[in-house]
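Hello,

Here is the structure you asked to look at. Please open it first, then read the notes below it.

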Amino acid sequence: MIFVGGLPFSTNNSSWSSSSSQGSDILVALLEHPVLVSASHSFKSMEETKVSVSSETPSPSKYVYVFQREYATVDPALVDYVGTDEATTCVGLVIRNRRNRMTSIAHMDNPEIVDIGLCQMLSLVVDHDLDAELDVYLIGGFDDASPNHANGTTISECYSDMDGYSLPLCRKLVDTLQRRQEKFHVQTLHVLGHNTKRDSQGNAYPIFHGFLCKILLNGI
């Protein structure tokens, strides 16, 4: 189940006819949620931080890199940084247990792997505790639809009949999070339109291709 701003999230739509339409309703409502819009603006304004990797430092940091269609679950006592990049239509998913600080990150590239991917990620993060409070961050994907589907005046119009690769993946991710029993507190949803920039010809590009999380015993 999804929470936003500490409250259970619901679209209050009782007329859903399919998993696809339900996922679209959830996604559009989340993208328009004021808390997540504000979080996306804050994320977009973050300055790039250079992280150097050197074995010559007295206490070198410990890194984990996640390739496409991979995931990693890390213990904050053992790992300092975890991240992924080279994502265009892919989405990076971060799940962190508020209690034990265990953190899992995945580089999702297809809706078909979402269910099994989430099960694998949560197997160590949740550790059979369905009452665990989980912070969630989704970053990546962009409006890769054909131009004739990218001119809606609102988010709901834009995504009502959109093609591309990013949208089905984002739709599947939020639908799966909402259907599961665990408590997912979505902190960042920087995907699709929030992660899109356009050149002078109107061609769309992702703003962020990847990210790096600094894992702390008391934060991320």
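**What was found**

Of the 220 residues of the protein, 43% count as buried. Please keep in mind that this is a predicted model. The chain forms five helices and twelve strands. Take the contacts between residues at least 6 apart in sequence: 70% of them join residues at least 24 apart.

**The cores**

Which residues have the most contacts inside the largest nonpolar core? They are I2, L30, L93, I95 and L138, in a core of 35 residues. At least two residues of this core come from each of these elements: β1 (2-4), α1 (19-32), β6 (91-97), β7 (103-108), α3 (114-125), β8 (133-140), α5 (166-179) and β9 (183-191). The helix α5 gives the most, with six residues. Apart from this core lies another one, of 13 residues, and F43, I105, Y137 and I215 are among them. As background, nonpolar side chains in soluble globular proteins tend to be buried together.

Leaving out residues up to four places away in sequence, L30 touches I2, V4, F9, L36, V174 and L189. One of these, I2, is itself listed with L30 among the residues with the most contacts in the largest core.

How do α3 and α5 lie relative to each other, and what is the angle between them? They pack at an angle of about 50°, and their axes are 10 Å apart. The two helices are therefore oblique to each other. Their crossing is right-handed. On the α3 side the contact is made by V114, D115 and L118, and on the α5 side by L169, K172, L173, T176 and L177. Sorted by type, the residues of this contact are five nonpolar, one polar and two charged.

With neighbours up to four places away in sequence not counted, T176 touches V114, D115 and L118. Is T176 buried or exposed? T176 has a relative accessible area of 5%, and a residue under 20% is called buried, so T176 is buried.

**A residue in β9**

V186 lies in strand β9. V186 is buried too, with a relative accessible area of 5%. V186 and G5 are 181 residues apart along the chain, yet their C-alpha atoms are separated by 8.1 Å.

- R101 has a phi near 65°. R101 lies in the loop between β6 and β7, and is buried, at a relative accessible area of 14%.
- L192 has a phi of about 50°. L192 sits in the loop between β9 and β10 (196-198), and counts as buried at 0% relative accessibility.

**Two partly exposed residues**

Where is G210? G210 lies in the loop between β11 (204-206) and β12 (211-214). Its relative accessible area is 25%, and G210 is partly exposed. Beyond residues up to four places away in sequence, G210 touches T84 and D85.

V64 lies in strand β3 (residues 63-65). V64 is partly exposed, with a relative accessible area of 24%. Setting aside neighbours within four places in sequence, V64 is in contact with A72, V74, V79, Y81, V82 and G83. The C-alpha atoms of V64 and I105 are separated by 9.8 Å, and these two residues are 41 residues apart along the chain. I105 is also one of the residues of the 13-residue core.

Regards

Notes:
Residues are numbered from 1 along each chain as its sequence is written. This is a predicted model: local features need pLDDT of at least 70, side-chain atom pairs count only at pLDDT 80 or more; totals for chains, interfaces and linings use all residues. Side-chain values use heavy atoms; hydrogens and water are left out. A nonpolar core is a set of buried Ala, Val, Leu, Ile, Met, Phe, Trp, Tyr and Cys residues joined through side-chain atoms within 4.5 Å. Buried means under 20% relative accessible area, exposed over 50%, partly exposed in between (1.4 Å probe, protein chains only). Helices (H or I, at least four residues) and strands (E, at least two) are DSSP runs, numbered from the N terminus. Contact means heavy atoms within 4.5 Å. Axes are lines fitted to C-alpha atoms, for helices over the stretch in contact, and angles run from 0 to 180 degrees between N-to-C directions. Angles under 35 degrees count as roughly parallel, over 145 as roughly antiparallel, 65 to 115 as roughly perpendicular and the rest as oblique. A crossing is left-handed if the near helix is turned anticlockwise from the far one by less than a right angle, and right-handed if clockwise. Ala, Val, Leu, Ile, Met, Phe, Trp, Tyr, Cys and Pro count as nonpolar, Asp, Glu, Lys and Arg as charged, and the others, Gly among them, as polar.
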